[in-house]
Amino acid sequence: MSQRQGLFITLEGIDGAGKSSHVDALEALFRATGREVLRTREPGGTPLAETLRGLVLNEPMDALTESLLVFAARRDHVVNVIAPALARGAVVLCDRFTDATFAYQGGGRGFDLGVLGTLEAWVQGGQGGVPDVLQPALTLWFDLPPETAAERLAGARLPDRFEAQPVDFFRRVADGYACRASADAARFERIDADATRENVWAQVEAAVRRRGLL
């Protein structure tokens, strides 16, 4: 029997969009078909990447330093976790990936999209069995008005450096996601996250089934 092909799915959206609350159900959906499922996140996913995550989320730095650290974490994550899992036929569910970098560092911070594109090509292709250029098969984009996201985040917990940004920052991030989705519409499925949890999950499940991924 031939080995199943690995499947890479990412969940994207601004802070407060509620994407993380649906990972359990998404994992269960694939496990019910007998698939191995690996859940991971970015920045993070390896000991080194988690260390870099702590720096990015909490230490002041300029946009270039921020971008370099995010992509350094991503390279370690791709080579040591994501690519091996895909090679053995697993379903990889990743809470954020490169689209977040274009949205947060590119849209939110206003950093050069051309530089981010170069880093994307370097980091997501080449060594360690990583195809040129590794991209998700499906990106679930949880689209939520920034004002609603801010209401959800208010008082939830002590915010990190990004969560503490003003609403205008998240408007730019949301625009960054929209631009990224427009540029690669075949990969993205927009999820209206300004709905009940049950309705949002129904959209997620429908998107996965519509793509024939189960």
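This is a predicted model: local features need pLDDT of at least 70, side-chain atom pairs count only at pLDDT 80 or more; totals for chains, interfaces and linings use all residues.

Visitor: Okay. Where is proline 43, then?

Guide: Proline 43 sits in the loop between strand S2 (37-41) and helix H2 (47-58).

Visitor: And what kind of peptide bond joins glutamate 42 and proline 43?

Guide: A cis one, with omega at about -15 degrees. For background, most peptide bonds are trans.

Visitor: Next loop. What's the phi of arginine 96?

Guide: Phi is near 80 degrees there, a positive value in a residue other than glycine. Arginine 96 lies in the loop between strand S3 (91-95) and H4.

Visitor: Is arginine 96 buried or exposed?

Guide: Buried, because its relative accessibility is 14% and the cut-off for buried is under 20%.

Visitor: What about histidine 22, where does that one lie?

Guide: In the loop between strand S1 (7-12) and helix H1 (23-31). Histidine 22 is buried too, with a relative accessible area of 5%.

Visitor: Which residues does histidine 22 touch?

Guide: Leaving out residues up to four places away in sequence, histidine 22 touches Phe142, Arg197, Val200 and Trp201.

Visitor: On to the helices. At what angle do H4 and H7 pack?

Guide: About 135 degrees, with the axes of helix H4 (residues 98-108) and helix H7 (residues 167-183) 8 Å apart. H4 and H7 are therefore oblique to each other. H4 passes H7 in a right-handed crossing.

Visitor: Which residues meet there?

Guide: From H4, Thr98, Asp99, Ala100, Phe102, Ala103, Tyr104, Gly107 and Gly108; from H7, Phe169, Phe170, Arg172, Val173, Gly176, Tyr177 and Arg180. By class, the contact of H4 with H7 has eight nonpolar, four polar and three charged residues.

Visitor: And how do H4 and H5 cross?

Guide: At roughly 155 degrees, with the axes of H4 and helix H5 (residues 113-123) coming within 10 Å. Angles over 145 degrees count as roughly antiparallel, so H4 and H5 are roughly antiparallel to each other. The crossing of H4 and H5 is right-handed.

Visitor: Which residues of H4 and H5 meet?

Guide: Thr98, Thr101, Phe102 and Gly106 in H4 are in contact with Leu113, Leu116, Gly117 and Glu120 in H5. That contact of H4 with H5 has three nonpolar, four polar and one charged residues.

Conventions:
Residues are numbered from 1 along each chain as its sequence is written. Side-chain values use heavy atoms; hydrogens and water are left out. Axes are lines fitted to C-alpha atoms, for helices over the stretch in contact, and angles run from 0 to 180 degrees between N-to-C directions. Helices (H or I, at least four residues) and strands (E, at least two) are DSSP runs, numbered from the N terminus. Angles under 35 degrees count as roughly parallel, over 145 as roughly antiparallel, 65 to 115 as roughly perpendicular and the rest as oblique. A crossing is left-handed if the near helix is turned anticlockwise from the far one by less than a right angle, and right-handed if clockwise. Contact means heavy atoms within 4.5 Å. Ala, Val, Leu, Ile, Met, Phe, Trp, Tyr, Cys and Pro count as nonpolar, Asp, Glu, Lys and Arg as charged, and the others, Gly among them, as polar. Buried means under 20% relative accessible area, exposed over 50%, partly exposed in between (1.4 Å probe, protein chains only).
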